[in-house]
Amino acid sequence: MKVKTILVSQPEPKMENSPYARLIDKEKVKVDFRPFIHVEGVNAKEVRQQKIDLKNFTAVILTSRNAVDHYFRLAEEMRFKVPDTMKYFCQSEAVAYYLQKYVVYRKRKIYVGKMAFSDLVGLFKKYKDETFLLPSSDVLKRIVPETLDKLDIDWTRGIFYRTVISDLSDLRDVYYDILVFFSPSGIESLLKNFPDFEQNDTRIAVFGNSTVKAATSAGLRIDIHAPTPDTPSMTMALQKYITTVNKR
C-alpha cells in the first residue's frame, strides 16, 4: 500500500529545512508531529527528599537538553548559585552547545563526549576526584548507571524530571499510514492511550534496538527499522521505504 500520511511521535523540528521537510517535498507525503510522551519537572521538595544538596557536587553529568534545563531550573528554585568552578560533562556536542543557554561557554569547564555515554569514560577517569551529580529522568538507560558504577568515582543520581504519557485521545479516529517511534516509552504511550489498537495496514517505524524490543514485545509488526548501515537516520529509512512502496 502506498504511503500518504505519517505521524512522528516527537515534537516538530524547529529548523525550517529539516530532513522531514525534505522528505515531504520529495515524496509529497503529509507528516504530522505529536509527542507521545512529555517531560514534567519535579519540585525542590522532591529533590530534597532524595537527600540531594546541590552544593555538595563539583561536577554535573548532562546526558540531554532536558537534564540541562531541569538542573538549572532546580538550582534557581533551591536558591543555589551555581559556582563558576562547576565542571560540566556533556554526552554530546549538542548538549554542550545547549548549555550556553545558561552559562558563558568560554568561561566554564566543559567536557564533551562524541555521542555515546561510554565516550565520557576517559574524562571521568581523568577527573575521578570530582563529586558528580547526574540529573536524570525517572527513565534512565541502563548503560548510564552501569558505566558509572564500574568506575571508581563518587556519583549520585537525582531524578529531576519525569517522563509522562501524553493524552492522545483526540487521535482515536485518525488514521496514518506510518507511525514513527523513537523510544519504548512511545510504544507504551500508544498502548496506554489505545489499548484496543489493531495494527492492520498501519506501518510501524522504530528507531533503536530498545524500541524494536518494546514494539516486538507488544506484538507489533515492524515495517521500518533504523539505524542500519544503509539508513543511519529515521528519515533515510522512511525515504527508502516510501520510494519502494509508492512506485508499485
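Predicted model: local features only at pLDDT ≥ 70, side-chain atom pairs only at ≥ 80, totals over all residues.
How many residues apart are glutamate 77 and arginine 73 in helix α3? They are four residues apart, which puts about one helical turn between them.

Helix α3 spans residues 65–77. From the first C-alpha to the last, its 13 residues reach 18 Å, close to the 18 Å expected at 1.5 Å a residue. Buried residues in α3 are Ala67, Val68, Asp69, His70, Tyr71, Phe72, Leu74 and Ala75. Glutamate 77 is partly exposed, with a relative accessible area of 37%, and arginine 73 is partly exposed as well, at 27%. The side chains of these two residues, glutamate 77 and arginine 73, form a salt bridge with an N to O distance of 3.3 Å. An α-helix has 3.6 residues a turn, so residues three or four places apart point the same way. Just after α3, arginine 79 has a positive phi of about 55 degrees.

**Salt bridges**

The structure holds 13 salt bridges. Three of them are listed here.

| Pair | N to O distance |
|---|---|
| Lysine 30 and aspartate 32 | 2.6 Å |
| Glutamate 77 and arginine 73 | 3.3 Å |
| Aspartate 196 and arginine 172 | 3.5 Å |

Arginine 172 is partly exposed, at 43% relative accessibility. Lysine 30, the partner of aspartate 32, is also partly exposed, at 45%.

**Helix α1**

Helix α1 comprises residues 19–27, and its buried residues include Tyr20, Leu23 and Glu27. These residues lie on the same side of α1 because they cover an arc of only 55 degrees around the axis. Asp25 and Lys26 are exposed on the other side of α1. The elements covering the buried residues of α1 include β1 (5–8), β2 (30–33) and α9 (234–246).

**Aspartate 177**

Is aspartate 177 buried or exposed? Aspartate 177 is buried, yet it has no salt bridge. The nearest side chain of opposite charge belongs to arginine 203 and is 4.1 Å away, whereas a salt bridge requires a side-chain nitrogen within 4 Å of a carboxyl oxygen. A polar atom of the aspartate 177 side chain does lie 2.7 Å from the backbone nitrogen of lysine 4. Aspartate 177 is in the loop between β8 (154–165) and β9 (178–181). Leaving out residues up to four places away in sequence, aspartate 177 touches Lys2, Val3, Lys4, Thr5, Asp201, Thr202 and Arg203.

**Serine 137**

Serine 137 belongs to strand β7, residues 131–137. With a relative accessible area of 6%, serine 137 is buried. Its side chain makes a polar contact with the side chain of aspartate 138 at 2.9 Å, and another with the side chain of threonine 163 at 3.0 Å. Residues up to four places away in sequence aside, serine 137 touches Arg157, Ile159, Tyr161, Arg162 and Thr163.

Conventions:
Residues numbered from 1 in each chain as written. Heavy atoms only, no water. Helix = DSSP H or I, 4+ residues; strand = E, 2+ residues; numbered from the N terminus. Buried < 20%, exposed > 50% of the residue type's maximum accessible area, 1.4 Å probe, protein only. Lys, Arg positive; Asp, Glu negative; His and termini not counted. Polar contact = N/O pair within 3.5 Å; in protein donor to acceptor, adjacent residues only side chain to side chain. Contact = heavy atoms within 4.5 Å. Arc of directions from axis to C-beta. Expected span 1.5 Å × (residues − 1).
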